[in-house]
Amino acid sequence: MLFFAGSAVAQTPQSVTVLVPIVGSVVGPSAIRWKTDVELHNDTREEMFVALKLPTAPDQPTIAFTLPPGGAQRFADVVAEAFGVDAALSPLVVETLGKRSARVVATAYAIREDGVTRGEAIPIVYSDTAYPLRTLNNLSFSDVFRTNIGLVNLGEKEATFTLGLQRLAGRNIAVSRITLGPNSLAHTSIQSLFPLIAKGDDFNVVIETTGPGTYVYASVIENATSEARFIAPSIGATEAHGLAQAAQ
């Protein structure tokens, strides 16, 4: 909880928390700068008190503010404008005091020498992320596309992610395992996770983890244009059964 942390009050006020899986202000290949636009909307007739936090950034920066009834707050570059941080990559936790969350819209985009790329919407997570089996579909590693995979642990303990690379459901080409500490993020290329894979398209990565507060995502980027496609996980892939044993 962000609100009233460490307070001696007898009862903590109710709040609702949602997650933007990843926001950032970082430099990518060819000196392209990736940023994230975040909008918060109060669609109610009452004032909202909202807190934002970057849980995997240094010092876990937090800000809080109010949204008037029917009001909105937009950060074209949320990392720099909201937190005053020059460069960071982190999930964004949005906590709203009360029974209803502020409506959140997040869009990733890249700044190039010749302009700005088309914005890519990032789906907001409105429910518990603790699913043991998840799949990232339609990934590519070729001369045309590159893929980054994100593994997030917002839990209080270490979490182990076991990843199986597949082209056909249930048939692992390679298996990798990563353990992350509390409030940490691994954002890396697919070839770094599976260095022996051949180039190609239509890869799937099945991910098994039992840690609470975990999330996974991927981003497929066209090399020539830097246009990005965000990949949210599908839930409950039965093909992941036995991944942990295969990685041992």
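**Close-up views of a predicted model**

**View 1. The second largest pocket and its lining.** β1 supplies five residues to the lining of the second largest pocket, the biggest contribution from any element. The structure shown is a predicted model. This pocket has a volume of about 360 Å³. Its lining counts 22 residues, and those closest to the pocket centre are V26, W34, L89, H187 and S219. Which elements each supply at least two lining residues? They are β1, β2, β11 (145-153), β16 and β17 (228-231). A probe the size of a water molecule, rolled over the atoms, shows where empty space is left.

**View 2. The whole chain, for orientation.** The protein chain has three helices and 18 strands. Of its 248 residues, 47% are buried. Now look at the contacts with a separation of 6 or more: 75% of them join residues 24 or more positions apart.

**View 3. The largest nonpolar core.** This core has 34 residues. Within the core, L40, V50, L52, V78 and L92 have the most contacts. Two or more residues each come from β1 (15-27), β2 (33-41), β3 (48-53), β4 (62-67), α1 (78-83), β6 (88-97), β7 (103-112) and β16 (214-222). β1 gives the largest share of this core, with five residues. In soluble globular proteins, nonpolar side chains tend to be buried together.

**View 4. V78 and its neighbours, with another core apart.** What does V78 touch, leaving out residues up to four places away in sequence? Its partners are V23, T36, V38, F83 and L92. L92 and V78 are both among the residues with the most contacts inside the largest core. Another core lies apart from the largest one. This other core has 23 residues, including L151, I178, I207 and V220.

**View 5. β3 and its two strand partners.** Is β3 largely enclosed or largely open? Five of its six residues are buried, so the rest of the structure largely encloses β3. β3 runs antiparallel to β4, and six bridges join the two strands. β3 also pairs with β6, again in the antiparallel sense, over four bridges. Follow K53 to see both pairings. K53 stands opposite T62 in β4. In β6, K53 has V93 as its bridge partner.

View 6. Q14 sits in the segment before β1. Is Q14 buried, partly exposed or exposed? Its relative accessibility is 46%, so Q14 counts as partly exposed. The cut-offs are under 20% for buried and over 50% for exposed. Q14 and G98 are 84 residues apart in sequence, yet their C-alpha atoms are 5.3 Å apart in space. Beyond four places in sequence, Q14 touches L97, G98 and K99.

View 7. The mean pLDDT of the protein chain is 87. A value of 70 or more is reached by 89% of the residues. Residues 4-10 have pLDDT below 50, and this stretch has two contacts beyond near neighbours in sequence. Residues 244-248 stay under 50 too. For them, the model has eight contacts beyond four places in sequence. Where pLDDT is low, the predicted coordinates should not be read in detail.

How values were computed. Residues numbered from 1 in each chain as written. Predicted model: local features only at pLDDT ≥ 70, side-chain atom pairs only at ≥ 80, totals over all residues. Heavy atoms only, no water. Core = buried A, V, L, I, M, F, W, Y, C linked by side-chain atoms within 4.5 Å. Buried < 20%, exposed > 50% of the residue type's maximum accessible area, 1.4 Å probe, protein only. Contact = heavy atoms within 4.5 Å. Pairing = 2+ DSSP bridges. pLDDT = per-residue confidence, 0-100. 1 Å grid on protein atoms, 1.4 Å probe; cavity = no way out; pocket = protein on both sides within 12 Å on 5 of 7 lines; lining within 4 Å. Points joined across faces, edges and corners; volume = space filled by probe spheres on them.
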